[in-house]
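This briefing concerns a single protein chain and is arranged by topic. Please consult the sequence and structure shown here alongside the text.

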Amino acid sequence: MEKEFFNEIRERNKAKFISIVSKDIEKQQKKEGGIHIPSFLEAETAYNEFQKAGCFDQYGYLKPINQ
C-alpha cells in the first residue's frame with residue numbers, strides 16, 4: 001500500500017511538472033510568433049531530462065538546487 005501511495009504522488013507531481021512547463025512553453029512560443037512543437041511533448045521531454053539527471057526526490061518533487 002505504501003508503494004502505491006508513493007507511485008501516486010510521483011505520477012501527480014509528474015503531471016503537475018508537465019502542466020507548468022507546457023504553459024510556460026506556450027507563453028514563450030506565442031511571444032515568438034507561433035507554436036511549432038506541441039508544448040506537451042516538449043514539456044514531457046524536459047521532464048525526462050530532469051529525471052535522467054536525478055533532479056527529483058523519491059516523491060517526484062524537484063530537489064533544491066545546492067548553492
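The model is predicted: local features need pLDDT of at least 70, side-chain atom pairs count only at pLDDT 80 or more, and totals for chains, interfaces and linings use all residues. Residues are numbered from 1 along each chain as its sequence is written, and side-chain values use heavy atoms, with hydrogens and water left out.

**Overall form**

- The chain holds two helices and zero strands; helices (H or I, at least four residues) and strands (E, at least two) are DSSP runs, numbered from the N terminus.
- The radius of gyration is 14 Å, well over the 11 Å that the globule rule gives for 67 residues, so the chain is more spread out than a compact globule. This radius is taken over C-alpha atoms, and the globule rule is 2.2 Å times the number of residues to the power 0.38.
- Along its principal axes, the C-alpha trace spans about 45 × 30 × 15 Å.
- Of the 67 residues, 24% count as buried. Buried means under 20% relative accessible area, exposed over 50%, and partly exposed in between (1.4 Å probe, protein chains only).
- Among contacts (heavy atoms within 4.5 Å) between residues at least 6 apart in sequence, 48% join residues at least 24 apart.

**Nonpolar core**

- The largest nonpolar core has eight residues: Phe17, Ile18, Val21, Ile25, Ala43, Ala46, Tyr47 and Phe56. Such a core is a set of buried Ala, Val, Leu, Ile, Met, Phe, Trp, Tyr and Cys residues joined through side-chain atoms within 4.5 Å.
- Two or more residues of this core are given by each of α1 (2-31) and α2 (39-52), and the largest share, four residues, comes from α1.
- Phe56 belongs to this core and is placed in the segment after α2. Its relative accessible area is 12%, and Phe56 is therefore buried.
- Not counting residues up to four places away in sequence, Phe56 touches Phe17, Tyr47, Phe50, Gln51, Tyr61, Leu62 and Lys63.
- Phe56 and Val21 are 35 residues apart in sequence, with a C-alpha to C-alpha separation of 15 Å.

**Aromatic pairs**

- Seven aromatic pairs are found in a search of the whole structure. Rings of Phe, Tyr and Trp (its six-membered ring) pair if their centres lie within 6.5 Å; planes under 30 degrees apart count as stacked, over 60 as edge-to-face and the rest as tilted.
- The ring centres of Phe5 and Phe6 are 5.4 Å apart and the planes lie at 65 degrees, so this pair is edge-to-face.
- Phe17 and Phe56 also form an edge-to-face pair, at 5.6 Å centre to centre and 85 degrees between the planes. This pair links distant parts of the chain, 39 residues apart, with Phe17 in helix α1 and Phe56 in the segment after α2.
- Both Phe17 and Phe56 are buried.
- A cluster of Phe17, Tyr47, Phe50 and Phe56 is linked by ring pairs.

**Asn13 and Gly60**

- Asn13 lies in helix α1, whereas Gly60 is in the segment after α2.
- With a relative accessibility of 9%, Asn13 counts as buried; Gly60 is buried too, at a relative accessible area of 8%.
- The side chain of Asn13 reaches the backbone oxygen of Tyr59 at 2.9 Å, a polar contact being a pair of N or O atoms within 3.5 Å; within protein, one must be able to donate a hydrogen and the other to accept it, and residues adjacent in sequence count only if both atoms are side-chain atoms.
- Gly60 and Phe6 are 54 residues apart along the chain, and their C-alpha atoms are separated by 8.7 Å.

**Salt bridge**

- The structure holds one salt bridge, defined as a side-chain nitrogen of Lys or Arg within 4 Å of a carboxyl oxygen of Asp or Glu.
- Arg12 forms a salt bridge with Glu8, and the closest N and O atoms are 2.9 Å apart.
- Both partners, Arg12 and Glu8, lie in helix α1, four residues apart, about one turn of the helix.
- Arg12 counts as exposed at 57% relative accessibility, while Glu8 counts as partly exposed at 39%.
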